Amino acid sequence: MIAGAGLAGLRTLEELRARGYGGAVTLIGAETRPPYDRPPLSKGVLSGAVDDTTLRHDLSALGADVRLGEPATGLGDGVLRTGRGEYPFDRLVLATGAVPVPLPGPGPQRMLRTLDDALSLRALLRPGLRLAVVGAGWIGAELATAAAARGCQVTVVEAGPAPLAAAIGAEAGAKTAPWYAAAGVELRVGAGVSSVQPGGLALAGGQWLPADEIVTAIGIRPQVSWLAGSGVAVDDGVKTDEQLRASAPGIFAAGDCAAFWSLRYRRLLRFEHWDVALRAPAVVAANLLGGSESYDPVPYFWSEQFGRMVQYAGYHGGADQLIWRGDPAGERFAACWLAGGKLAAVLTVGLPRDLQQGRRVIASGQPVDTAGLADPAVPVRDAVLR
Ligand code: FAD
């Protein structure tokens, strides 16, 4: 039984079949659409280049009992409950993803999580539309990019000191601020929103920002409220060990809803990364079938904003040094976080090779030469001290 028919749920099913498991699998999904990809929603779908991001059109070939439009509502005693019935299971995979966090207030606010969200938002984007985007995180930046390209008058309101501050820190995030102005997007940092009102945003400090449409992109929370009372331990997501096993026997979790014990970082971590939803299910499937594999990635994320490919690998929590590689005011540069002389994380703008090499250097855990790392002429892999 798999709860959640997004990328992680589908990938679990695929991995089970790829490993030769021919038994019964039920895939339960809250949405009526078959599994689809989310990264294009804020990119190609909003820009109009893509309409359909369905992950596979031959879902029936996987031989599962697929039940869409049927959210799981509860769990207990080896039974999963939905509004339509009860499903006894031997093993269960929790892959229910996450939902956007709304702002308080009576005014209408849009979110961007589902394909339908993206299609209805796209239909609104027109020249001159006053669009307020709350949150200059990854999604807010991508949304602002698409809306500005469609001629909207975009204002991005961010409570933190810089775009992406929550994700990559204020110092690195600040390097992306000029991208907004260059795209004709007004960016207001340090501007908290008190409430969403009809016709605009009430800002902390009493200011008023008029807007025709408001999109809230202040973050997501794991979709685990339906597990209340189930006995499955939750701590900002379903708590799992390094083998992605939840606290209750026979139950696993993967993707945006799972906070897994990271052997590499010695802490519980929950990532909202496509790459995690893609790869963690292979470990879940192996362990469902009797294995004891660990999931221990160097995390990876990408974003496409304001004409730039931004990529991030690693985890900079605990880093003690930030080194710039190339000119952060330019079109291509990287930020390298070090912890104890080792590369902990790398953020690249327009430098996919640096990203790839950096990811391997992070995985190797070898100490690096900071001067080499700071010199764009030295390949990242050659900055390793041997
Ligand atoms: P989801 O994709 O959320 O799937 C979970 C599914 O479970 C959903 O269909 C949900 O409806 C369903 N569900 C929820 N509750 C229940 C229930 N009770 N019962 C049954 N089903 C339920 N990541 C990147 O690395 N790079 C990017 O550029 C990027 N861009 C993104 C852009 C957007 C607009 C969004 C929304 C996400 C983006 N991501 C990106 C993140 C990435 O898409 C997610 O990390 C990934 O989709 C997580 O997959 P998942 O299967 O864990 O969760």
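Leaving aside neighbours within four places in sequence, which residues is Ala258 in contact with? The partners are Val238, Ala253, Leu269 and Arg270. Contact here means heavy atoms within 4.5 Å. Ala258 lies in strand β19, residues 258-262. Helices (H or I, at least four residues) and strands (E, at least two) are DSSP runs, numbered from the N terminus. Ala258 counts as buried, at 3% relative accessibility. Buried means under 20% relative accessible area, exposed means over 50%, and partly exposed is in between (1.4 Å probe, protein chains only).

The model is predicted, so local features need pLDDT of at least 70 and side-chain atom pairs count only at pLDDT 80 or more, while totals for chains, interfaces and linings use all residues. Residues are numbered from 1 along each chain as its sequence is written, and side-chain values use heavy atoms, with hydrogens and water left out.

Now turn to a pair of helices. Two packed helices are described by the angle between their axes and the distance between the axes. Helix α1 covers residues 7-18 and helix α8 covers residues 274-288. Their axes come within 8 Å and cross at roughly 40 degrees. Axes are lines fitted to C-alpha atoms, for helices over the stretch in contact, and angles run from 0 to 180 degrees between N-to-C directions. α1 and α8 are therefore oblique to each other. Angles under 35 degrees count as roughly parallel, over 145 as roughly antiparallel, 65 to 115 as roughly perpendicular and the rest as oblique. The crossing is right-handed, which means that the near helix is turned clockwise from the far one by less than a right angle.

Which residues meet there? From α1 come Leu7, Ala8, Arg11, Thr12, Glu15 and Leu16. From α8 come Trp274, Ala277, Leu278, Pro281, Ala282, Val284, Ala285 and Leu288. They divide into 11 nonpolar, one polar and two charged. Ala, Val, Leu, Ile, Met, Phe, Trp, Tyr, Cys and Pro count as nonpolar, Asp, Glu, Lys and Arg as charged, and the others, Gly among them, as polar.

Arg19 is found in the loop between α1 and β2 (26-28). Arg19 is partly exposed, at 36% relative accessibility. Not counting residues up to four places away in sequence, Arg19 touches Ala282, Ala285, Ala286 and Leu289.

Next comes Ser230, in the loop between β16 (220-222) and β17. Ser230 is buried, with a relative accessible area of 17%. A polar atom of its side chain lies 2.6 Å from the backbone oxygen of Leu227. The side chain of Ser230 also reaches the backbone nitrogen of Val232, at 3.1 Å.

Two residues stand out by their backbone angles. Most residues other than glycine have a negative phi. Leu244 has a positive phi, near 65 degrees. The place of Leu244 is in the loop between β17 (238-240) and β18 (251-253). Leu244 is buried, with a relative accessible area of 1%. Phe306 also has a positive phi, near 50 degrees. Phe306 is found in the loop between β21 (300-305) and β22, and counts as buried at 10%.

Strand β22 (residues 308-314) holds Gln311. Gln311 is buried, at 9% relative accessibility. Its side chain makes a polar contact with the side chain of Tyr300, at 2.8 Å. A polar contact is a pair of N or O atoms within 3.5 Å; within protein, one must be able to donate a hydrogen and the other to accept it, and residues adjacent in sequence count only if both atoms are side-chain atoms.
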